[in-house]
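Keep the structure open beside you as you read.

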Amino acid sequence: MNVFETVKQSVTTRQAAEHYGIRVGRNGMACCPFHNDKTPSMKLDRRYHCFGCGADGDVIDFTAALYGLGKKEAAVQLARDFGLSYEEGKLPDKMKKPKPRHKSPEVQFREAQSHCFRVLADYRHLLERWKTEYAPESPNEEWHPRFVEALQKINHVEYLLDTLLSGDTEERAQIMTEYGKDVIELEKRLSELAAPDAASREKYSKHHAAAPER
Ligand SMILES: [Zn+2]
């Protein structure tokens, strides 16, 4: 976290005001330091607001106004006065993470397998949808290719998913070798389908969707 985030998360305006010598009542009210205030008209909590002059902001705004500082200077002063440590420059998250160690074959296999499972599970979802969405409404209606695909594939996909989930290592490895390439192809196709499909599903009923499949 940078100095702004650190200070805002760690210090309330009320704590800062008290630290800088402003008397804050138990109700969180204090005489406003920013206008000539006879009776407490400033409410202090995480932020502050003055009902007299309208001064309003967070702990950094408060400290900046109190000492005539820029926001950065005020934040740095607050961090110092409250003993907070923060990161100088804000690094993108990935730069902070240590580089992953080289993955063992077991880990690679496990990851490949769960990836495979995810893709197949998505596919099964899609097929289930197609099976109802593209089902013919009358016996003489021509079957939509998506409906046909759903009928043809759904059981096999379920079998693959079952095996990946509960088969022994050898069975799972066999599926990975046998269908690894197909799954990559399938993933490509699913992502291509996802975008236009989601948009056009509402507009066109299945009767209009007879355009040739890719
Ligand atoms: Zn005021």
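The report below goes through the ring pairs and then the confidence of the model.

This is a predicted model, and its protein chain has an average pLDDT of 86, with 85% of the residues scoring at least 70.

A pair of aromatic rings is described by the distance of the centres and the angle of the planes. In this model the count comes to six aromatic pairs. Take Phe 34 and Tyr 48: their ring centres are 6.1 Å apart and their planes meet at 55 degrees, so this pair is tilted. The two residues are 14 apart and link distant parts of the chain, with Phe 34 in the loop between strand 1 (29-30) and strand 2 (42-44), and Tyr 48 in strand 3 (residues 48-50). Another pair joins Trp 143 and Phe 147, and here the arrangement is edge-to-face, with 5.1 Å from centre to centre and 90 degrees between the planes.

| Residue | Relative accessible area | Class |
|---|---|---|
| Phe 34 | 27% | partly exposed |
| Tyr 48 | 5% | buried |
| Trp 143 | 48% | partly exposed |
| Phe 147 | 9% | buried |

Phe 34 and Tyr 48 also belong to a cluster, linked by ring pairs, that includes Phe 62.

Now for the confidence along the chain. Over residues 91-96 pLDDT stays under 50, and the model has two contacts beyond four places in sequence for them. Residues 202-210 also stay under 50, with nine such contacts. Where pLDDT is low, the predicted coordinates should not be read in detail.

How values were computed. Residues are numbered from 1 along each chain as its sequence is written. This is a predicted model: local features need pLDDT of at least 70, side-chain atom pairs count only at pLDDT 80 or more; totals for chains, interfaces and linings use all residues. Side-chain values use heavy atoms; hydrogens and water are left out. Rings of Phe, Tyr and Trp (its six-membered ring) pair if their centres lie within 6.5 Å; planes under 30 degrees apart count as stacked, over 60 as edge-to-face and the rest as tilted. Helices (H or I, at least four residues) and strands (E, at least two) are DSSP runs, numbered from the N terminus. Buried means under 20% relative accessible area, exposed over 50%, partly exposed in between (1.4 Å probe, protein chains only). pLDDT is the predictor's confidence in each residue, from 0 to 100. Contact means heavy atoms within 4.5 Å.
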